[in-house]
Amino acid sequence: QVRIVESGGGLVQPGGSLRLSCAASRRFFSIDRMAWYRQAPGKQRELVAGIISGGNTNYADSVKGRFTISRDNAKNTVYLQMNNLKPDDTAVYYCLLVGTIATVRGDYWGQGTQVTVSS
């Protein structure tokens, strides 16, 4: 069994920054994609940012220029640097790792970390 653990969430004022981290408790044989999603109260979960094995990234329009996704392949870790945060960024942020552990390929989700942007 593998656990995906996010960290780095919290309360920040508008215009502030946070850095989220996501790590797996077991080593992946390969990771095809890493991504961050978020879900605000009463809304559907949405993609925030993703990065594939080749290094290409994609972002939601609402976070382009403010958020940066990066990874450390050796540590099976993905990060989300969030700058110039806005109240609309308030949500639970979830990490997704898509890859293979041993011989099992699947989508592995974290439990979520709360990000609250408020003055």
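Here are legends for a few views of this predicted model.

The model is predicted, so to speak of local features a pLDDT of at least 70 is needed, side-chain atom pairs count only at pLDDT 80 or more, and totals for chains, interfaces and linings use all residues. Residues are numbered from 1 along each chain as its sequence is written, and side-chain values use heavy atoms, with hydrogens and water left out.

View 1. You'll find eleven strands and zero helices here; helices (H or I, at least four residues) and strands (E, at least two) are DSSP runs, numbered from the N terminus. The C-alpha atoms fill a box of roughly 45 × 25 × 25 Å along the principal axes. The radius of gyration is 14 Å, which agrees with the value near 14 Å for a compact globule of 119 residues; this radius is taken over C-alpha atoms, and the globule rule is 2.2 Å times the number of residues to the power 0.38.

**View 2. Arg66, a buried loop residue.** Look for Arg66 in the loop between strand S6 (57-59) and strand S7 (67-72). Arg66 counts as buried because its relative accessible area is 9%. Not counting residues up to four places away in sequence, Arg66 touches Gln81, Met82, Asn83, Asn84, Leu85, Lys86 and Asp89. With Asp89 there is also a side-chain to side-chain polar contact at 2.8 Å. A polar contact is a pair of N or O atoms within 3.5 Å; within protein, one must be able to donate a hydrogen and the other to accept it, and residues adjacent in sequence count only if both atoms are side-chain atoms. Ser17 is 49 residues from Arg66 in sequence, yet their C-alpha atoms are 9.4 Å apart.

**View 3. Thr113 and its surroundings.** Thr113 sits in strand S11 (residues 113-117). With a relative accessible area of 11%, Thr113 is buried too. A polar atom of its side chain lies 3.4 Å from the backbone nitrogen of Gly9. Setting aside neighbours within four places in sequence, Thr113 is in contact with Glu6, Gly9, Leu20, Ala91, Val92 and Tyr93.

Definitions and conventions:
Buried means under 20% relative accessible area, exposed over 50%, partly exposed in between (1.4 Å probe, protein chains only). Contact means heavy atoms within 4.5 Å.
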